[in-house]
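Here is a short tour of a protein model, written for someone who likes to have the structure open while reading. Take a look at the strands and the ring pairs as you go.

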Amino acid sequence: MKIAVLASGNGSNLQAIIDAVKNKLITNCEIEMVISNKESAFALERARKENIKAIFLNPKSFQSKDAYDFEIVKLLKESKVDFVILAGYLKWITPYFVESFRNKILNIHPSLLPSFKGLHGIEQAFDYGVKTTGVTVHFVDETEDGGAVILQEPVVIGEGETLEQLEEKIHKVEHILYPKAINLLVNNKLEITGRKVTLL
Ligand code: GRF
């Protein structure tokens, strides 16, 4: 199976996926390309270092969000990409994009959804004062962080823990959980019925 990873930033999740493919924690999978909407995204560097096609698509060069996603979908289809992995991709995905890859786009979110949707999920949970937060991997639909949940892992917020410490803990969990979910996806082990995802 061919996957494309879309990322806007550091790309530590991308790196975890690259490593998991190398170490065969993800089988039956090839990272076909990495696409970013940010030229300076370190994720693009990481891809180049691994000889993975790294593409920067400048949103400013397109007339609309639809035109931008039309180009991405074209690229993905031309390269026969099977699944799309969002890894810190800070851009809204248009309904056209979702429809073109229905139940084939994954996202990782740093909270236990449906709590703390949107940006800064770790900080939101920390500021709210919850005792447990976590990580969610889910399918992407037309709603914000609202698609069917695939895997979740709780992370306890310790007494006196700082935001930085919590961030570190969350990222560690992400780097295990995302490869696990992707491995299930590319090996056809996810069955989706409405909002329910069954692990086969
Ligand atoms: C992660 O915390 C992920 O959950 C969120 O964006 C962050 C991306 O981090 N969607 P990185 O770029 O993979 O390091």
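## Strands side by side

In this predicted model, S6 and strand S7 (residues 149-156) are paired in the antiparallel sense, with seven bridges between them.

How much of strand S6 is buried? Strand S6 spans residues 132-139 and is mostly covered, with seven of its eight residues buried.

## Aromatic pairs

Now for the rings: there are four aromatic pairs in the structure. One of them joins Phe62 and Tyr68 edge-to-face, at 5.2 Å centre to centre and with 85° between the planes. Tyr68 is buried, at 1% relative accessibility, while Phe62 is partly exposed, with a relative accessible area of 22%.

Phe70 and Tyr96 form a stacked pair, 5.6 Å centre to centre with 25° between the planes. Phe70 belongs to helix H3 (residues 65-78) and Tyr96 to helix H4 (residues 95-100), so this pair ties together parts that are 26 residues apart in sequence.

## A charge over a ring

The charged end of Lys77 sits over the ring of Phe101, 4.5 Å from the ring's centre.

Methods. Residues are numbered from 1 along each chain as its sequence is written. This is a predicted model: local features need pLDDT of at least 70, side-chain atom pairs count only at pLDDT 80 or more; totals for chains, interfaces and linings use all residues. Side-chain values use heavy atoms; hydrogens and water are left out. Rings of Phe, Tyr and Trp (its six-membered ring) pair if their centres lie within 6.5 Å; planes under 30 degrees apart count as stacked, over 60 as edge-to-face and the rest as tilted. Buried means under 20% relative accessible area, exposed over 50%, partly exposed in between (1.4 Å probe, protein chains only). Helices (H or I, at least four residues) and strands (E, at least two) are DSSP runs, numbered from the N terminus. A charge sits over a ring if NZ of Lys or CZ of Arg is within 6 Å of the ring centre and within 35 degrees of the ring normal. Two strands pair if DSSP finds at least two bridges between them.
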